[in-house]
Amino acid sequence: MIKFLKPVPRWGLVIVIAFIGVSLSAEVDLSGTWANRGHQDWLDRGRGPDVVDYLGLPISEAGREKALAYTSALQSEPERQCEYYAPTYMVLGPFGLNIWNETDPVTSKIIAWRMGAWIDKDIDTVWMDGRAHPSKNAFHPYSGFTTGVWEGDTLTTRSTHMKVAYIRRNGTPTSDQTTLTEHIVRHGDILAIMGIIEDPVYLTEPAVMASIWEQDPHANVPRMSQACEPIAEDPRLEDGTVPHYLPGKNPFVNEVTQIYHIPQEAVMGGAETMYPEFRKKIKDKYIRPEKCDRYCCGPVTDPALKCIRDGSGKER
Amino acid sequence: MKQKLMILLVVAGGFLAGTRALAHHSFAATYFEDKTEKIEGNLVQFLFRNPHSFVQVEAEDEHGVMQRWAVEWGAGGQLGRQGVTRDTLKPGDHVIIVGNPGRNPEDHRMRMVNITRPSDGWKWGGSFE
């Protein structure tokens with residue numbers, strides 16, 4: 001016993017420290033294929049949000065005006081059909097995720113994490129080698145520019161240099177000055193990403209969104225985006241028409257109010273509509289519809305499961 | 001039981017595959033998803049592609065005026081998994097299409113619900129949601 005407690009030689013100390021260094025490293029392996037679990041905001045992430053619905057988004061007046069001018073026919077213009085969303089789409093979109101890393105061939109240290117592309121999103125590269133963000137005047141690619149740092153078991157990333165994009169797929173905009181901070185956490189087979197989107201042009205406060213994935217080796221999620229070829233999607237646009245609604249002319253402004261009885265002041269969004277206190281403010285203006293007319297069953301696709309959400313007894 | 005399981009698997013598969021094709025724009029914001037309309041006419045062009053395929057058909061509108069309709073369909077890869085290839089439809093094919101009408105009637109645009117080619121009885125009624 002006494003012999004065992006003899007002073008350790010210096011070379012032994014080096015080995016011990018090296019092993020401790022490995023075991024105490026905060027880095028977590030994020031690589032693999034991850035299936036999206038769209039259990040929240042399923043309408044937004046799945047078939048898409050209602051045409052005019054900005055509820056819960058801290059949009060500015062400029063953001064609201066731009067959103068009301070939007071028609072989805074805009075994305076049928078040949079020059080827009082194959083555009084990618086910005087990296088903010090990571091916490092908005094419905095897709096699986098393929099993550100891998102790039103290592104330094106000499107040191108084997110991870111110099112970047114690659115967050116795979118989707119059909120409408122570029123590969124996002126998270127640089128881990130401490131490089132600085134480029135000048136604010138540098139080119140804004142579809143992937144933006146992202147750096148990351150481990151904070152304990154959480155990978156925190158910061159994205160800048162993004163292109164103009166959408167924070168909701170009904171035309172609610174984000175500007176090219178938008179920044180995204182992500183906190184990426186792996187809990188076993190679950191991957192959670194929380195995104196904080198800040199935009200001095202179209203948002204008045206940060207918008208916080210989150211998405212969940214589950215590791216699935218059978219998910220078959222590609223790394224690269226599938227080829228997209230611009231075509232004449234909409235014959236009406238062949239004369240160069242730029243589809244839009246003029247101020248005050250959007251015909252769908254009242255649709256959400258008519259269907260769900262949600263007051264206009266809520267549908268039009270704004271920072272106030274993010275907070276629980278807002279529900280108290282509109283309490284007396286909201287009358288719950290007697291029955292559910294559409295999207296009543298959430299993301300349920302099991303035909304054996306009956307979905308009755310009102311007193312009619314009729315399956316919907 | 002086996003048949004029920006098969007139906008469940010097909011529908012679930014359709015859903016999982018379908019989620020790949022609907023991100024480009026919001027279907028709910030583009031079409032009246034709670035309405036359907038039917039057109040019958042001759043196929044002008046079949047664009048088998050990503051992010052969404054399109055079928056263009058010359059058919060009469062509700063006033064009897066001939067229009068060129070753009071009918072949005074699933075992504076190429078997604079339709080491929082449902083047995084549709086780029087050679088499945090050809091210009092000149094006479095087809096009957098049921099779809100969700102576009103929000104702007106001037107667009108003469110629809111989202112595919114089902115398509116039938118009476119000449120050989122070929123049908124598609126799958127899902128890309």
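Why does A:Arg294 count as partly exposed? With 13 C-beta neighbours inside 10 Å, A:Arg294 falls into that class, because a residue is called buried if 20 or more other C-beta atoms lie within 10 Å of its own, exposed if 12 or fewer, and partly exposed in between, the C-beta atoms being placed from the backbone. A:Arg294 belongs to the segment that follows α6 (277-282) of chain A, where helices (H or I, at least four residues) and strands (E, at least two) are DSSP runs numbered from the N terminus. From A:Arg294 to A:Ile259 the C-alpha to C-alpha distance is 8.8 Å, although 35 residues separate the two in sequence.

The model is a predicted one, in which local features need a pLDDT of at least 70 and side-chain atom pairs count only at pLDDT 80 or more, while totals for chains, interfaces and linings use all residues. Residues are numbered from 1 along each chain as its sequence is written, and chains are lettered from A and ligands numbered from 1 in the order in which they are written.

The predictor's confidence in each residue is given by pLDDT, on a scale from 0 to 100. For chain A the average pLDDT is 87, and 86% of the residues score at least 70. Over residues 1-5 of chain A, however, pLDDT stays under 50, and the model has zero contacts there beyond four places in sequence, a contact being a pair of residues whose C-beta atoms, placed from the backbone, lie within 7 Å. Residues 19-23 of chain A likewise have a pLDDT below 50, with zero contacts in the model beyond near neighbours in sequence. Where pLDDT is low, the predicted coordinates should not be read in detail.

In chain A, nine strands close into a barrel in the order β1-β2-β3-β4-β5-β6-β9-β10-β11, and their pairing is mixed. From one strand to the next the twist averages 30 degrees, with axes taken as lines fitted to C-alpha atoms (for helices over the stretch in contact) and angles running from 0 to 180 degrees between N-to-C directions. Two strands are said to pair if DSSP finds at least two bridges between them. Within chain A, strand β5 (residues 145-151) and strand β6 (residues 154-160) run antiparallel and are joined by seven bridges, with A:Glu151 standing opposite A:Thr154 in β6(A). Strands β7 (residues 165-168) and β8 (residues 172-174) of chain A are also antiparallel, pairing over three bridges, and A:Arg168 faces A:Thr172 in β8(A). The hairpin of β7(A) and β8(A) has three residues between the strands, and A:Gly171 takes a positive phi near 95 degrees in it.

Positive phi values also occur at residues of chain A that are not glycines, including A:Asn220, at about 50 degrees, and A:His261, at about 65 degrees. A:Asn220 lies in the loop between β11 (207-215) and α4 (255-260) of chain A and is exposed, because 10 other C-beta atoms are within 10 Å. A:His261 is placed in the loop between α4 and α5 (264-267) of chain A and is partly exposed, with 13 other C-beta atoms within 10 Å.

In chain B, seven bridges connect strand β2 (residues 54-60) with strand β3 (residues 66-72) in the antiparallel sense, B:Phe54 having B:Glu72 as its bridge partner in β3(B). These two strands form a hairpin with five residues between them, and B:Gly64 in the turn has a positive phi of about 80 degrees. By contrast, β3(B) runs parallel to strand β5 (residues 109-117) of chain B, to which three bridges join it, and B:Ala70 is partnered there by B:Arg109.

Technical notes. Contact = placed C-beta atoms within 7 Å.
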